[in-house]
Amino acid sequence: MRRFLHYCWALFLAGSGNLWWAKRNLRQQGAVVVLMLHRVLSAKSANVTNSSLDMVVLRETFRALVDYLRRHCEVVRLGDARPGLAGSRLMSVLTFDDGWSDNYSEVFAPLKAANLPFTIFICPAVMSSEMPFWPERATWVLRKAEPNLEPSQINSVIEALKGLWPAARDQHIARLAQAFHLEDDSFRSEIDRTLPWVEVTEMQAAGVQFGSHTCRHSIVTSIPMSELRRDLKDSKVAIEGNLLGECVAFSYPNGNWSQEARQAVAARGRFVMAVSGGHTPWVMLRALADEDVPWASVHIVQVDERVAPRGDADRNLTHLRASLLEHAPLPAAQIYAMPVEIPDLQSAAAKYDAELKSIAGTPPVLDLVHLGLGPDGHTASLVPGDPVLDVTDRDVAVTGVYQGRNRLTLTYPVINRARLILWLVTGIEKVPMYKRLQAGDQSIPAGRVLQNNAVLLADRSAAGERAGEGERETA
Ligand SMILES: [Zn+2]
């Protein structure tokens, strides 16, 4: 009956022109419609699956959906969706939760043929597993115990089981199975199987994106935070160990989330720091190298770099490497050099822009950006009067010649998106600019960096204090 009413409602929307109107409205707002699917099955498989039919789209319906998306929507990769840009076609993102084997057998080929990108969220601890999730197991037991149960009756048992702690729930299902003499290994089901890695690898090679859905589908709000942090890290490491590139997408099992859980997801088990050039940071990095830092999780990118040959004393990279690699167990591959040796500087900037995405997500969110301040008010290589100051559509750009060299630099958008900005200002020649920076003077390049997530460290001479004026800290 409910299904019939849904059908009538859809017919009404389409027939009255309201569907067209709603779609146009969304398109004009620059909305991104995220279609979250789980499974696609043939009618025959849908008859025997233990998954709730709410999670299943029939093969024919899916083919029709693909055709519709191809003709009427702009389907983009999850990371490329930019809400707020009104386009000529409605923007849409296509995702699949859980990592069911039918994502390969039923979904992959039609979407590949239609050239539509999509993302699958997998649980790496239960890959290639037959009946890996408890709702299917519970349904299987219930059906064996009572073959005439209505789907709505099964659903209400599943809903009740959702309220229990995982251990208690598993115990209930096991007891029920025992009561009906059902052996544990008879849970096997070819239809309710998750993807094996070999299929995941093949799909990734063809451009399919994979994200984490926790290790084994834990509801993130019902496990302790310490367990969640471990799970997030383990699931990410497992996915990255099996696939190429960083796992930057996450989907909350069952859709449950909390503010705290969101922060844990955002932290994602790595620390990405952008470092500026100059003498002061070398001293800072040298000191940092002696600290107890989990270097295996630290990734260093460059704030800016002069266009000069490899190994040149003018290159910030040369000093960055010398300060860190020789003194700290930081893996060399975790310092990401701006590719200034590429003759076409625009493509060098684009290459680094893409590299930032692979390290820190799309758009890249850096954990820390370290900045200095020049006597002329520049920061990074955002120098007074250079058109680079107005770049807002890229995270890495090329500057004009400044102090004898072109440079690559991070731009305001990526700097201002950082979780923390650390200013390090030293020397008496910085006094006037230090004061203007503190006052938020937007007429100097440094003044246009947002201050809400910034910490400003200055020595006494830069802060304009005379020696012996007391032990006041400037921050
Ligand atoms: Zn799920």
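**Entry 1: the sheet**

Before I start: two strands count as paired if DSSP finds at least two bridges between them. I am working with a predicted model.

I looked up the sheet and found that it is open, with six strands in the order β11-β9-β8-β12-β15-β16 and parallel pairing. Which strands are at the edges? They are β11 (335-336) and β16 (454-458), and each pairs on one side only.

I then went to the β11 end. Two bridges join β11 to β9 (residues 298-302), in the parallel sense. I picked Val 301 and found that its bridge partner is Tyr 336 in β11.

**Entry 2: helices on the sheet**

Next I checked what packs on the sheet. Helix α12 (residues 279-289) does, and it touches β8 (271-275), β12 (368-371) and β15 (421-425). I noted an angle of about 115 degrees between the directions of α12 and β15.

Helix α14 (residues 345-360) lies across β8, β9 and β11. Its direction is at about 160 degrees to β9.

**Entry 3: α12 meets α13**

How do α12 and α13 (residues 316-324) cross? The crossing is right-handed.

I also listed who meets whom. From α12 come Trp 282, Leu 285, Arg 286 and Ala 289, and they meet His 319, Leu 320, Ser 323 and Leu 324 of α13. Sorted by class, this contact has five nonpolar, two polar and one charged residues.

How values were computed
Residues are numbered from 1 along each chain as its sequence is written. This is a predicted model: local features need pLDDT of at least 70, side-chain atom pairs count only at pLDDT 80 or more; totals for chains, interfaces and linings use all residues. Helices (H or I, at least four residues) and strands (E, at least two) are DSSP runs, numbered from the N terminus. Two residues are in contact if their C-beta atoms, placed from the backbone, lie within 7 Å. Axes are lines fitted to C-alpha atoms, for helices over the stretch in contact, and angles run from 0 to 180 degrees between N-to-C directions. A crossing is left-handed if the near helix is turned anticlockwise from the far one by less than a right angle, and right-handed if clockwise. Ala, Val, Leu, Ile, Met, Phe, Trp, Tyr, Cys and Pro count as nonpolar, Asp, Glu, Lys and Arg as charged, and the others, Gly among them, as polar.
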